[in-house]
Amino acid sequence: MTKLAGIIGHPVAHSLSPAFQGAAFRHCGLDVRYEAWETSPEALAGRLVSLRGPAFLGANVTIPYKQTVIPMLDELGGQSARVGAVNTIVNRNGRLFGFNTDGPGFVASLRREAHFDPAGAAVLLLGAGGAARGIAFALIEANVRSIAIANRTPERARLLASDLASNGGSVLAVALDDSLDRYGLIVNCTSVGMHGGGGESEMPCDLSTASPGAMVADIVYVPEETPLLRKARALGLRTLPGLPMLIYQGALAFELWTGASAPVEVMFDAARDALTQRAVPSAADAER
Ligand code: ATR
């Protein structure tokens, strides 16, 4: 019997997950179809009920349901309860288990793609939304020395810092007016620099005072090189773009569903192909 998995969100049409998860299942010879499950708020509970059926391996969850799904699940695994968000659901014999692979996916991408071990690093985290939360908890688990959180809305940074500190981290909410030379890792978790996000030509911080050895990571993956990463590269800093985090969060989800090791290179290729196809102008555009 063909098994099913998919991504639950609203909207999901632009998700790259169907492209790279589908490629991973095919590559591994697994009879699984991965679909985009556009789900209205009214349809969410019904979607979760059907996910308990024997045909369903599980799902990914994206905006705006990463928190909403939690009360609809049976158990939470990994750091998902602390983070307060679930991006992966696994159906085990009709019971639904929630996980959050976003933060662990980021840390895996740092280690495996940027060859950067965050243990002992002083981190500057830009942003205090859902993505920043997941990444911050995973960085604490990876034994960073400290995390400084800067956010446009300082109150949100303070809230996240106090949540993290109560879990044993050395965390501080900061303003961006001091030199950045104390940080070994700078991570943009805001949407600044994202194509179509309004602030696409902007940068979330001024890198001119960053330490020459710093690693600058961005979770934005369209464009692949954001203005922040371009500036970092021009300054000779090390960089990690956002696509690897997307792929590794998906790879960890794939491994939770199947128990098989995820074909990461195949997933990268499929995601890049999908991004390229999107960038190709349509016939109508070309005629103009
Ligand atoms: P996500 O789940 O992707 O993290 P989110 O929870 O909406 O999304 O968080 C978006 C983050 O980007 C927040 O830190 C937000 O700052 P605020 O808390 O002040 O809203 C940040 N952000 C979005 N647009 C921004 C901009 N133009 N300048 C600076 N920060 C911005």
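Hello everyone, let's start at Leu73, which counts as buried at 11% relative accessibility; buried means under 20% relative accessible area, exposed over 50%, and partly exposed in between, with a 1.4 Å probe and protein chains only. Before going on, a word of caution: this is a predicted model, where local features need pLDDT of at least 70 and side-chain atom pairs count only at pLDDT 80 or more, while totals for chains, interfaces and linings use all residues. Residues are numbered from 1 along each chain as its sequence is written, and side-chain values use heavy atoms, with hydrogens and water left out.

Back to Leu73, which sits in the loop between β3 (56-61) and β4 (75-76). Helices (H or I, at least four residues) and strands (E, at least two) are DSSP runs, numbered from the N terminus. Setting aside neighbours within four places in sequence, Leu73 is in contact with Leu48, Val86, Ile89, Leu96 and Gly98, where contact means heavy atoms within 4.5 Å. From Leu73 to Val266 there are 193 residues in sequence and 31 Å in space, C-alpha to C-alpha.

Now for another loop residue, Thr39, placed between β2 (32-38) and α2 (44-50). Is Thr39 buried or exposed? Thr39 counts as buried, at 0% relative accessibility. Its side chain reaches the backbone oxygen of Trp37 at 2.8 Å, and a polar contact of 3.3 Å joins the side chains of Thr39 and Arg47. By polar contact I mean a pair of N or O atoms within 3.5 Å; within protein, one must be able to donate a hydrogen and the other to accept it, and residues adjacent in sequence count only if both atoms are side-chain atoms. Beyond four places in sequence, Thr39 touches Ile8, Gly9, His10, Leu44, Arg47 and Tyr65.

On to the cores. In soluble globular proteins, nonpolar side chains tend to be buried together. A nonpolar core here is a set of buried Ala, Val, Leu, Ile, Met, Phe, Trp, Tyr and Cys residues joined through side-chain atoms within 4.5 Å. The largest one has 35 residues, and those touching the most other members are Phe106, Leu110, Leu125, Leu139, Ile147, Ile149 and Val187. Which element gives the most to this core? That is α5, with 7 residues.

One more loop residue: Leu180, between β9 (171-173) and β10 (185-188). Leu180 is buried, with a relative accessible area of 4%. Among its contacts beyond four places in sequence are Leu124, Ile186, Cys205 and Asp206.

Finally, the ligand. Around it are Gly127, Ala128, Gly129, Gly130, Ala131, Asn151, Arg152, Thr153, Arg156, Thr190, Ser191 and Val192, each with a heavy atom within 4 Å. A polar side-chain atom of Arg152 lies 2.8 Å from a ligand oxygen, an N or O atom in the side chain of Arg156 is 2.8 Å from an oxygen atom of the ligand, and a polar backbone atom of Ala128 is 3.0 Å from a ligand oxygen.
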